[in-house]
Amino acid sequence: MREDSLDSMHMLILETLIISMFQLALMQRGINTLSLTYLSKTTGLSIATIYRKVLELMSMGLVEKVNRGQYVVTTRGALLLSVAYLTGSIKVNDAAFKYAIIKLKEDWGLEDFNDDEVREYISLLIRGLIRLGRKIEDFCANSLSRTVLALLPDNLKIGSKPLDLVISETLNVPIELVRRLRG
């Protein structure tokens, strides 16, 4: 997955899908907010364009088909939306970012954390990726533990130091931030 290979239509589809995933009121009225038809009506893009772009998003691991005619944003897609929003690398609307954070909290088991804490963790991930020269496309976002492991160098020697101190030193961030994010 290359962030620079995403175009504005990809991002529009991702944003619309993540927002639609959380609009239960529409789904309760029988409107399939996860369908290509709904995406087409909401975005103004043709069904053919939506279909082609959704296939591309699926091949990047950002969207998956869950039922016949229903698509959802994956954990990886939610992380990409969050990173794009926080870095400003690609324009993402506020509602899409809000729902991306909710999805990450659900998928990572962080329901007890508030949105600001998850946002800080993602900011920490961004800092770590930049510092270590890694790209978002190298990132396995499906579990929280894998996101932490991806930040640490392969040749890391912990020794007798506590892990939070090693993370703090490796990423050059205050240990209080690491401890607060650890819970």
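**Salt bridges and a helix pair**

Lys103 and Asp107 sit four residues apart in helix 6, so about one helical turn separates them. They form a salt bridge, with the closest N and O atoms 2.8 Å apart; the term covers a side-chain nitrogen of Lys or Arg within 4 Å of a carboxyl oxygen of Asp or Glu. Lys103 is buried at 11% relative accessible area, while Asp107 is partly exposed at 30% (buried is under 20%, exposed over 50%, partly exposed in between, using a 1.4 Å probe and protein chains only).

A word on the source: this is a predicted model, where local features need pLDDT of at least 70, side-chain atom pairs count only at pLDDT 80 or more, and totals for chains, interfaces and linings use all residues. Residues are numbered from 1 along each chain as its sequence is written, and side-chain values use heavy atoms, leaving out hydrogens and water.

Back to the salt bridges: the structure holds four. In another one, Lys105 meets Asp115 at 2.8 Å, N to O. That pair ties helix 6 to helix 7 (residues 115–132), ten residues apart. Then there's Lys53 with Asp7, their closest N and O atoms 2.4 Å apart. These two are 46 residues apart, with Lys53 in helix 4 (residues 47–59) and Asp7 in the segment before helix 1 (8–21). Lys53 is buried at 6%, and Asp7 is partly exposed at 25%. Glu56 joins Asp7 and Lys53 in a network of salt bridges.

Lys103 also turns up where helix 5 meets helix 6, among residues including Leu79, Tyr85, Phe97 and Trp108 (contact means heavy atoms within 4.5 Å).
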